[in-house]
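Visitor: I would like a close look at one part of this protein, and then at how the rest is laid out around that part. Please give the cut-offs as you go.

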Amino acid sequence: MLLVVICGGGFAWLILGGKAEVEPIVEDFLARLEKQDYSGAYNRLGTEWKSIDTLEAFTKLEKRMREVTGPLQSRELEGFNIQRATGGSIAVCTYTGQFANGAGSITITLTDSSGSWKVVGHRIDSPLFIQVLTCPHCGAVSQSLADYCPSCGKPMRPDAESSPHQTESEQAAQD
Ligand SMILES: [Zn+2]
């Protein structure tokens, strides 16, 4: 009986300990994005993301997301989940956010494979993205902010640059 109580307490402590480790990293990452300190935010990324997006690509993606949502006005932690494994741990933080242009749900994914937590995903789910994710030419809805439509290959925006191979990396960054 006593053993059960100790185990239960230990388990709860592990979960709370994880949150205390992870939350400051997420807070710092989001604060840097809010200040538009993109290189500071990039320094919080794990190799999983950095190997896909350069600082330039990351900055472009984050700026584009900010363009759509407007600045973040308030946010509240909605969910926290941590999975520990011998090969590395993964944590997912979900916030409900109020942006200048509307509401959205913010998901930050982190991994800990080398003793420190790093951000490997930043996603905003919001109806604000429906219009920018819908191709003006064919009407296909893409899953990520791409310069070119994955269905018809035409520019998603009039001012899109002329390098049509951004979709893969931006897809990954959204995950
Ligand atoms: Zn299209």
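Which exposed residues are carried by the face of helix 4 turned away from its buried side?

Guide: The face of helix 4 turned away from the buried side carries E56 and E67, both exposed. This is a predicted model: local features need pLDDT of at least 70, side-chain atom pairs count only at pLDDT 80 or more, and totals for chains, interfaces and linings use all residues. Residues are numbered from 1 along each chain as its sequence is written.

Helix 4 (55-69) has 15 residues and reaches 21 Å from its first C-alpha to its last, close to the 21 Å expected at 1.5 Å a residue. The expected span is 1.5 Å times one less than the number of residues. On its buried side are F58, L61, M65 and T69. Seen down the axis of helix 4, these buried residues fall within an arc of 70 degrees, so they line one face of the helix. The arc is taken over the directions from the helix axis to the C-beta atoms. After helix 4 comes G70, with a positive phi near 80 degrees.

Apart from neighbours within four places in sequence, Y38 is in contact with F58, T59 and E62; contact here requires C-beta atoms, placed from the backbone, within 7 Å. Y38 counts as partly exposed because it has 18 C-beta neighbours inside 10 Å.

The protein has six helices and four strands, running α-α-α-α-β-β-β-β-α-α from the N terminus. The largest nonpolar core has 26 residues, of which V22, V26, F29, C93, I108, L110 and V119 touch the most other members. A nonpolar core is a set of buried Ala, Val, Leu, Ile, Met, Phe, Trp, Tyr and Cys residues joined through C-beta atoms within 7 Å. Helix 4 is among the elements that give two or more residues to this core, together with helix 1 (2-34), helix 2 (38-42), strand 2 (89-99), strand 3 (102-112) and strand 4 (117-125). Helix 1 gives the largest share, five residues. V119 is in contact with F29, R44, L45, G46, W49, I108 and L110, leaving aside its neighbours within four places in sequence.

The strands form an open sheet of four in the order 1-2-3-4, paired antiparallel. Strand 1 (72-83) and strand 4 are the edges, each pairing on one side only. The twist averages 20 degrees from one strand to the next, using axes fitted as lines to C-alpha atoms (for helices over the stretch in contact) and angles from 0 to 180 degrees between N-to-C directions. Two strands pair if DSSP finds at least two bridges between them.

Strand 2 and strand 3 are antiparallel and share 11 bridges. C93 is bridged to I108 in strand 3, and F99 stands opposite G102. A hairpin of two residues makes the link between strand 2 and strand 3.

Between strand 3 and strand 4, also antiparallel, there are eight bridges. T111 has K118 as its bridge partner in strand 4, and I106 has I124. Their hairpin has four residues between the strands, and G115 in the turn has a positive phi of about 90 degrees.

G153 is exposed because 12 other C-beta atoms lie within 10 Å. Its C-alpha is 9.5 Å from that of H137, 16 residues away in sequence.

For the protein as a whole, 23% of the 175 residues count as buried.

How values were computed
Buried ≥ 20, exposed ≤ 12 C-beta atoms within 10 Å, placed from the backbone. Contact = placed C-beta atoms within 7 Å.
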